[in-house]
Amino acid sequence: MDRGGCQMSGGGGGGGGSVADGPDRGGMISLEDLESFSEDQLSDSHSLEDDAEVMEEDENSDRLLQYWQDIARGHQVDVSQDMAEPIQQLTSNNDGRSTREHIPFTLLARREKCGKLLYEKRHYEKGQWACITMREDTYEQSICYGFMRIMRYICKENSVGNYLGMTLPIVTIVRTNENHSVISHGVTVAYYLPVEHQAQPPQPTDSEIIIENWPTTVVFTRPFTGPTNEVTIIEQINAMAEVLDSPSVCVNDSFIVAGYTNPAHSDRQNEIWFLERR
């Protein structure tokens with residue numbers, strides 16, 4: 001299935017099919033937003049895990065829904081009543097399975113300058129990912145709609161009918177023109193299946209979500225903080241290209257943005273990933 005470079009090893013802009021016209025967009029908001037308060041309610045050091053614990057203790061399902069309806073308005077997003085259960089699932093203990101798995105990797109190299117990390121080189125094993133490609137007017141809209149549909153898959157809309165568990169980071173694959181000045185409207189949102197589901201991934205009920213087996217991949221990754229939008233992503237791609245010793249070894253038109261924390265935080269934790277050519 002051609003998703004315009006959905007796999008980690010895939011390059012290529014332009015390719016990728018668009019989602020079907022007229023999906024139900026009620027209740028679209030990012031997974032990261034669903035797991036954290038706004039910045040005035042949290043210290044910047046809070047993680048998704050901390051936020052989920054606070055929400056579990058202090059909010060019931062109705063208040064959670066109301067809270068995220070309020071937050072969503074700032075993203076120009078409507079959260080429908082039927083999102084109450086998925087929101088509650090992601091912010092509750094889920095029978096002791098609230099711990100977030102981090103995608104495993106092997107660190108191959110680390111480059112620093114004057115004590116500051118420039119980039120890491122990592123090896124990721126092959127794995128099963130749930131992917132959806134969105135083509136909205138802006139990057140922010142695409143990830144919002146994509147995250148919501150992935151969230152529904154994680155919570156219940158899958159062949160086993162159960163909550164699957166969260167993994168971090170949630171990644172988005174972006175494609176650019178040759179000189180890295182414009183981001184394509186086609187944005188792929190991808191979720192790494194937890195270890196217990198890698199052998200037999202539950203199938204999505206949403207026909208636009210595709211389970212893909214990504215091959216082993218080497219990535220060059222650089223951390224950055226703050227919001228992610230078209231401007232900041234282009235800035236980070238160009239900054240990464242400047243610090244790499246040999247940028248030509250990497251795919252030139254397909255990149256990954258990895259998100260670890262709530263985008264409302266002023267010091268949101270992100271990474272830009274360059275994919276080594278195969």
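**A close look at the sheet**

Author: Gladly! Strand E6 (residues 170–175) and strand E7 (residues 186–192) run antiparallel and are joined by three bridges. Here helices (H or I, at least four residues) and strands (E, at least two) are DSSP runs, numbered from the N terminus, and two strands pair if DSSP finds at least two bridges between them. Val171 has Ala190 in E7 as its bridge partner. This is a predicted model, in which local features need pLDDT of at least 70, side-chain atom pairs count only at pLDDT 80 or more, and totals for chains, interfaces and linings use all residues. Residues are numbered from 1 along each chain as its sequence is written, and side-chain values use heavy atoms, leaving out hydrogens and water.

Helix H5 (residues 139–155) packs on the sheet, touching strand E4 (127–135), E6, E7, E8 and strand E10 (250–259); contact means heavy atoms within 4.5 Å. The direction of H5 makes about 30 degrees with that of E7, where axes are lines fitted to C-alpha atoms, for helices over the stretch in contact, and angles run from 0 to 180 degrees between N-to-C directions.

The whole sheet is open, with nine strands in the order E2-E3-E9-E11-E10-E6-E7-E4-E8 and antiparallel pairing. Its edge strands, E2 (106–113) and E8 (210–214), each pair on one side only.

Now to E9: seven of its nine residues are buried, that is, under 20% relative accessible area with a 1.4 Å probe, protein chains only. E9 pairs antiparallel with E3 over five bridges, and Tyr124 has Thr217 in E9 as its bridge partner. With E11, E9 forms seven bridges, again antiparallel, and Pro223 stands opposite Glu271 in E11.

How values were computed: Buried means under 20% relative accessible area, exposed over 50%, partly exposed in between (1.4 Å probe, protein chains only).
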